[in-house]
Amino acid sequence: MEIFTQPWAEAWGRHLNLSESYRDAAASWEGSVVLQETDGSGAAIFLDLHRGECRAARLASVADVAGAEYVLSAPRANWEKVLGGTSPVTALLTGTLKLTRGSLASLMPHTRAANELVATARTIGAEPAPGESAQRAAARTSEPPPETGGPGAGEPIVRHAGFQTTSGPGLDFGHPAMELWSKAKRLGVWNPEDIDFSVDRGDWETLADDQRDLLLRLAALFQAGEEAVTLDLLPLMMVMAREGRLEEEMYLTSFLWEEAKHVEVFARFFAAVGADPALLDRYHTESYVRLFEEELPAALGALHSDSSPRAQARASVTYNLVVEGVLAETGYHAYQKILADNGILPGMQKAALLLQQDESRHLAYGVHLLSRLVREHGDPVWETISERMDELLPVGIGIINEAFAAYPEGRMPFGLEPDVFVDFARTQFEKRLAHVERARTGSG
């Protein structure tokens with residue numbers, strides 16, 4: 001059936017109203033959406049959505065477009081990508097789709113509903129039999145997902161058959177991991193004990209209660225995250241050792257050491273300003289707990305028994321692209337806006353710059369690892385990367401939204417604007433994912 005036509009819109013509405021998955025995912029979502037082609041016929045589809053029900057689906061009129069809560073626009077080729085399998089969340093974050101009306105921050109809590117909305121469009125053509133749901137109809141024509149395991153996954157090293165540096169090619173000093181190792185030796189050798197928080201203590205006493213609360217919240221989110229990655233990194237190092245990737249394992253030794261120093265920095269800051277570490281988990285929201293207490297250890301821990309390329313990609317997306325590339329980078333941006341712009345807490349300003357410098361190398365390694373896996377193993381790894389981003393980006397954005405939701409709207413401490421940080425997180429992710437996609441297409 002031709003897309004962006006009246007019959008297609010009507011079929012989509014019928015499938016939405018037959019979809020149990022959509023009804024469940026969209027139970028708290030209501031509003032109107034316009035999906036618009038920016039080339040070709042310039043047609044647009046209007047959907048009136050109300051808590052899991054599609055109340056109208058048609059070609060959009062001028063009035064429909066003017067009154068819609070969300071307007072998503074893209075060339076026809078990009079819509080075909082989304083309808084062919086690309087997640088709408090990934091498409092929005094990479095610029096494949098443009099949100100020309102509506103707030104990305106307000107849309108992110110409903111990303112599961114958005115995913116189900118588009119997934120239901122893909123079932124058009126697999127018409128349901130009487131009494132059959134749209135998902136069941138689509139399943140009749142679907143293929144099972146590829147296996148995620150691999151031969152030799154999780155096998156321990158029994159013996160060494162010679163050594164790379166004495167009976168092989170030697171160290172590759174031009175390897176990207178060795179370049180990061182060189183930077184780590186030059187830039188990463190700093191001591192948390194040398195950071196002076198004495199002025200920070202004085203500044204702390206001059207801040208309003210909500211300002212102190214926001215800074216404690218930000219530091220508490222960083223601190224538990226740093227502890228989590230310190231605890232969870234080892235399985236990735238073990239995979240590199242099993243695969244004989246000496247240069248990458250050498251760099252990862254600095255990676256772990258630096259994460260451990262980050263734990264110490266925040267602990268020293270809390271001691272300096274008199275914060276009780278036993279009370280800081282009150283800042284860990286539902287999304288935060290899911291990411292750092294469940295998803296991160298599960299993805300990294302899985303490498304003990306499954307070291308397949310797809311398992312490595314899943315772990316690296318979780319760790320490098322989401323935890324570091326979305327959340328940590330956004331957190332450093334927040335520190336810049338709060339501390340440097342207001343001229344306060346010079347000790348934490350210095351610590352944040354040092355941490356960000358370290359994390360930039362960690363993130364560069366993650367992009368290298370994912371790019372290598374995509375080049376070597378192709379579309380199955382790319383699909384895993386896309387799927388994992390679809391799963392976790394809403395969680396990451398949820399952490400940002402939940403942090404700001406603790407303060408009255410229009411009265412954010414330090415005059416911060418939540419949408420600015422959501423947009424910053426989206427931009428950071430887009431840049432890193434574009435680099436990995438260039439490896440997939442051979443263009444970079």
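Helices, of at least four residues, and strands, of at least two, are DSSP runs numbered from the N terminus. With this in mind, colour the protein by secondary structure, remembering that the model is predicted, and you will find 19 helices and five strands.

Next, select the C-alpha atoms, which fill a box of roughly 65 × 65 × 35 Å along the principal axes. The radius of gyration of the protein is 24 Å, which agrees with the value near 22 Å that a compact globule of 444 residues would have. Among contacts between residues at least 6 apart in sequence, 78% join residues at least 24 apart.

Now show the surface, of which the protein exposes about 19800 Å², with carbon and sulfur atoms supplying 52%. Of the 444 residues, 51% count as buried. If you then select the charged side chains, 40 are positive and 64 are negative, and the centres of the two sets lie 3 Å apart.

Finally, select residues 309-342, which form helix α16, and follow the helix along its length. Where does α16 bend? The bend, of about 35°, is at E324. Bring back the surrounding residues and consider how α16 sits among them: a residue is buried when its relative accessible area is under 20%, and because 26 of the 34 residues of α16 are buried, the helix is largely enclosed by the rest of the structure. As a last stop, select G343, which follows α16 and has a positive phi, near 65°.

Terms used
Residues are numbered from 1 along each chain as its sequence is written. This is a predicted model: local features need pLDDT of at least 70, side-chain atom pairs count only at pLDDT 80 or more; totals for chains, interfaces and linings use all residues. Side-chain values use heavy atoms; hydrogens and water are left out. The radius of gyration is taken over C-alpha atoms; the globule rule is 2.2 Å times the number of residues to the power 0.38. Buried means under 20% relative accessible area, exposed over 50%, partly exposed in between (1.4 Å probe, protein chains only). Contact means heavy atoms within 4.5 Å. Accessible areas come from the Shrake-Rupley method with a 1.4 Å probe; for residues, only the protein chains shown count as cover. Lys and Arg count as positive and Asp and Glu as negative; His and the chain ends are not counted. The place of a charge is taken as NZ of Lys, CZ of Arg, CG of Asp or CD of Glu. The bend at a residue is the angle between axes fitted to the seven residues ending there and the seven starting there.
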